[in-house]
Amino acid sequence: MFNWMWLFYILVFPGALFCFVGGTLLNGLDRKVYAKMQQRIGPPILQPFYDFMKLMGKETIIPYEANKPVFLGAPVVGFVALVTIMLLLPQFGFSAFGDINADMIVIIYLLTIPAASIIIGGAASGSPYAGVGISREMVSVISFELPLVMVLLAIGRKAGGDGVTFSMKAIADYQAANGAMICQWSMIPAALAMLLVVPCEVGCHPFDVAEAETEICEGPLVEYSGAPLGVFKLNYYVKQLVVSGLFAALFLGGKGTGIVAADAVIFYVECLVVTFFSMTLIRASLARLKVEQVFKFYWTVVAGLALVSLVLAWFGL
Amino acid sequence: MFDNLINKSAAKSPWLFHINAGSCNGCDIELVAGLTPRYDAERLGFRLAGTPRHADIVVVTGPITAQIKDRVLRTIEQDPEPRCIVTMGSCPASGNVFKDGYPYAGPLSKYVDVDVDIAGCAAKPETVLEGLYQAAQILEQKRKAMKNKGGQI
């Protein structure tokens, strides 16, 4: 029953190592492009990697008020959840664990775990700044969950034919047969909604209400230092890769080349393009929103866009 | 195994925390000017951290007043090792024009070991970048020393 390939999938590709290397590289390219948009040289592409290594070498201070096991365990839980999502995402024809029925529902739940790990870690640190930060983080989770579920339902209906499918494999197969989902005109509003869900899910600049470093000292992360902070920063990089990868798997699928390595490269380039349009471009051009503005924006504009697609998909368009 | 890499990274990713210890706001503006696209401190890896727990370099501006002295020292204590302390402008190093005033509580070097003094009133952004770059190099040395002494300085 046990397959040795599973170990390779979990540890190397598309698991932990791919997430680590791909995530840091993606964040480095994102920061470089962001710097070019502001007409400056910008940090080296390996900068996130240096940041991570430096934090690994720093002293870890655990506050007297903190609950030690929860404080140190929270970032690791978030990282494991993100790697698990990456294992479930199909990359064209390839998916690590084959056809799992209803893995889309697993992904919806797993996507909240990184946010939950920030909330739990912040709560365990016992700082009032973290208290403000976690309440904001909860609001931002509630904001993007509704549009995200509506987008996934619309796609599930579109790919499911008669019923609704919750299998990522079925969606990948549908796209291999009928071309990328984004080419279907009824799915374009859903794609726009998903593009706006991505930065809020990641906690990227205009929607980073929870970690507003100029207002509440990085919120839930205020008491973290050294290695646990490094893992939280790594979670941020990997989240960029995983969430843009989710967009690529849902909307930019297709036949692929049939070779796993080539497909993985194309998948990564798609992640880069999604990161550019949904994160870098928005981050470079907008200032940070207030908490209630984020909530209102997601439950009106973004949810409205997703609803249009949902209704169109339900009428079989 | 990764020690060499971590030591090198310490110099390449210094995060700043800025304390205003009664400054006239001149140095504060110049420090922020050093981070703007024109001077672009991020190409050397500098980044302004929101809390002293995340920072590697503590930048102190302004004369240390009697009211703020304890708070400055407490904030510096919250910074994890290895850390560098940089004074910016003439005030924290010498007292400048506030030297004989009654609220003045002495230069920062009276209380903690200062690694780099950036001169000027106010210091120019070019000087700030030069000083911070030196502090980043000292950070690498401190990290090596910390490793040799088994995590203690």
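**View 1. Five strands of chain B line up in parallel as an open sheet, in the order 2-1-3-4-5.** The edges belong to strand 2 (47–48) and strand 5 (116–118) of chain B, each of which pairs on one side only. Pairing here calls for at least two DSSP bridges between two strands. Helices (H or I, at least four residues) and strands (E, at least two) are DSSP runs, counted from the N terminus. What you're looking at is a predicted model, so local features need pLDDT of at least 70 and side-chain atom pairs count only at pLDDT 80 or more, while totals for chains, interfaces and linings use all residues. Residues are numbered from 1 along each chain as its sequence is written, with chains lettered from A and ligands numbered from 1 in the order in which they are written.

**View 2. Strand 1 (residues 15–20) and strand 3 (residues 57–61) of chain B run parallel, joined by 5 bridges.** For a landmark, find B:Phe17, which sits opposite B:Val58 in strand 3 of chain B. Helix 2 (residues 26–35) of chain B packs on the sheet and touches strand 1, strand 2, strand 3 and strand 4 (84–88) of chain B. Its direction is at about 140 degrees to that of strand 3 of chain B. Helix 5 (residues 125–148) of chain B also packs on the sheet, this time touching strand 3, strand 4 and strand 5 of chain B. The direction of helix 5 makes about 165 degrees with that of strand 4 of chain B. For these angles, axes are lines fitted to C-alpha atoms (for helices, over the stretch in contact), and values run from 0 to 180 degrees between N-to-C directions.

View 3. Most residues other than glycine have a negative phi, and most peptide bonds are trans. B:Asn25 isn't a glycine, yet its phi is positive at about 85 degrees; B:Asn25 is in the loop between strand 1 and helix 2 of chain B. The bond joining B:Glu81 and B:Pro82 is cis, with omega about -10 degrees, and B:Pro82 belongs to the loop between helix 3 (69–77) and strand 4 of chain B. Another cis bond runs from B:Cys121 to B:Ala122, with omega near -5 degrees. B:Ala122 is part of the loop between strand 5 and helix 5 of chain B.

**View 4. Helix 5 (residues 103–125) of chain A has a kink of about 30 degrees centred on A:Pro114.** The bend at a residue is the angle between axes fitted to the seven residues ending there and the seven starting there. The end C-alpha atoms of this helix are 33 Å apart, which agrees with the 33 Å that its 23 residues should span at 1.5 Å a residue. That expected span is 1.5 Å times one less than the number of residues. As for the rest of the chain, chain A has 12 helices and 0 strands.

**View 5. Chain B meets chain A through 19 of its residues, which are in contact with 27 residues of chain A.** Helix 1 (residues 3–12) of chain B supplies the largest share of chain B's side, 5 residues. Sorted by type, chain B's side has 6 nonpolar, 6 polar and 7 charged residues. Ala, Val, Leu, Ile, Met, Phe, Trp, Tyr, Cys and Pro count as nonpolar, Asp, Glu, Lys and Arg as charged, and the others, Gly among them, as polar. Contact means that the C-beta atoms of two residues, placed from the backbone, lie within 7 Å.
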